[in-house]
Amino acid sequence: MKISVVIPVYNEQGNIGPLVDQVYDALNPSEYDFETILINDGSRDKTVEEIKEQKNKNVVLIDLRKNYGQCPALKAGIDYATGDVIATLDGDLQNDPADLVEMMRVMKEKDCDVVTGIRAQRKDGMLLRKIPSKIANSLVRKVSDTEIIDNGCAIKVFKSEIAKDIPLYGEMHRFIAILAINEGAKVEQIPVNHRARVVGESKYGLSRTFKVISDLILMRFTNKYAQKPMHFLGPIGAGSFAIGSLLMVYLLILKILGEDIWGRPLIFAAIIFLLGGFQLIMTGITLDLLMRTNHESQQKKIYQVRKSESI
């Protein structure tokens, strides 16, 4: 079994050498067949030079043309990985590569598809990191209807076929365990070691909050309605159309009774409800047809099989 350790790095000068050494020591070549894939996400310091100095340590460099962001960099590493198991780490030395061995043991013993870490004793600031993280994780659990305790923990282990099937874009790497669950994966969580950053500084602050919230809403929608958008837009459109129709009937009765209805705000509201409802219904039908065309043209399956075996 081959293991691919995928690590996006951006301006991590000073961390590369210790990081590669720790992965090499944790996954002893005499015990594991592994590769350490370092994705340089447009670093402007000497990160690339330090990566190229890591000779004879099973290191693969993927040098992106520019700074695309953590999510595209992670996706690039997963796409290039050749292992049967894909592990992910941050490049700041806060994750402990020694935890990978225990995570792979749990994966084998519990026959699961993904093992994700829980930073039990975080070495981060309370006000700007720990408290916002707890609030965010609580919100994500409620919105996604999952039990992932620590979505921000980067150390994870996946079966290769699961990792390569996960759609990653935007800030979706934060929800990669949830996306795996959406793909039908069985996920286990275990406590992992977390260390304080020694060299460099965090590249990700509170400014990402609104991006993460936007991606959370998108993830919720795609998870529930990606294959049936009409189920979301249809009831809203039908409700709007019904309200518009009732208002029109009411106005018609008033007209029959001899009242002047032209110019009343209610008539404009009725028209808006009618047209809006009709438009939502037609949009839902169009999206349904596009979804079916997309699946049929690319021969995409609408299901995922964990395994098949003769009994």
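These are my notebook entries on a predicted model, written in the order in which I looked things up.

**Ground rules**

I number residues from 1 along each chain as its sequence is written. Since this is a predicted model, local features need pLDDT of at least 70, side-chain atom pairs count only at pLDDT 80 or more, totals for chains, interfaces and linings use all residues, and side-chain values use heavy atoms, with hydrogens and water left out.

**Whole chain**

I began with the protein chain as a whole and found 10 helices and 7 strands, where helices (H or I, at least four residues) and strands (E, at least two) are DSSP runs numbered from the N terminus. The chain has 311 residues, of which 43% count as buried; buried means under 20% relative accessible area, exposed means over 50%, and partly exposed lies in between, with a 1.4 Å probe and protein chains only. I noted an accessible surface of about 17400 Å², with 58% of this belonging to carbon and sulfur atoms; such areas come from the Shrake-Rupley method with a 1.4 Å probe, and for residues only the protein chains shown count as cover. For contacts (heavy atoms within 4.5 Å), I took those between residues at least 6 apart in sequence, and 77% of them join residues at least 24 apart.

**Helix α3**

Next I asked which elements cover the buried residues of α3. The helix runs over residues 70-80 and is mostly covered, with 8 of its 11 residues buried. Those buried residues are Gln-70, Cys-71, Ala-73, Leu-74, Lys-75, Ala-76, Gly-77 and Ile-78. Their cover includes the strands β1 (2-9), β2 (33-40), β3 (59-63) and β4 (85-88), together with the helices α6 (160-165) and α7 (176-182).

**Aromatic pairs**

I then searched the whole structure for aromatic pairs and found 2. For this, rings of Phe, Tyr and Trp (its six-membered ring) pair if their centres lie within 6.5 Å; planes under 30 degrees apart count as stacked, over 60 as edge-to-face and the rest as tilted. Tyr-24 is partly exposed at 26% relative accessibility, whereas Phe-34 is buried at 3%. Trp-262 and Phe-268 form a tilted pair, 6.2 Å centre to centre and with 55° between the planes. Here Trp-262 counts as exposed at 64% relative accessibility, and Phe-268 as partly exposed at 43%.

Is Val-157 buried or exposed? I found Val-157 buried, with a relative accessible area of 0%, in strand β6 (residues 156-159). Leaving out residues up to four places away in sequence, Val-157 touches a list of residues including Val-85, Ile-86, Leu-100, Met-103, Met-107 and Val-115. Val-157 and Ser-4 are 153 residues apart in sequence, yet their C-alpha atoms are 9.5 Å apart in space.

Ser-160 is in helix α6 and is buried, with a relative accessible area of 10%. Its side chain reaches the backbone oxygen of Gly-83 at 3.3 Å. With residues up to four places away in sequence set aside, Ser-160 touches Gly-83, Asp-84, Val-85 and Ile-86.

I placed Glu-102 in helix α4 (residues 99-109), where Glu-102 is partly exposed at 34% relative accessible area. A polar contact of 2.4 Å joins its side chain to that of Arg-105; a polar contact is a pair of N or O atoms within 3.5 Å, where within protein one must be able to donate a hydrogen and the other to accept it, and residues adjacent in sequence count only if both atoms are side-chain atoms. Glu-102 and Ile-190 are 88 residues apart in sequence and 9.0 Å apart in space, C-alpha to C-alpha.

Gln-54 sits in the loop between α2 (47-52) and β3 and counts as buried at 12% relative accessibility. Apart from neighbours within four places in sequence, Gln-54 is in contact with Ile-16, Gly-17, Val-20, Asp-21 and Val-59.
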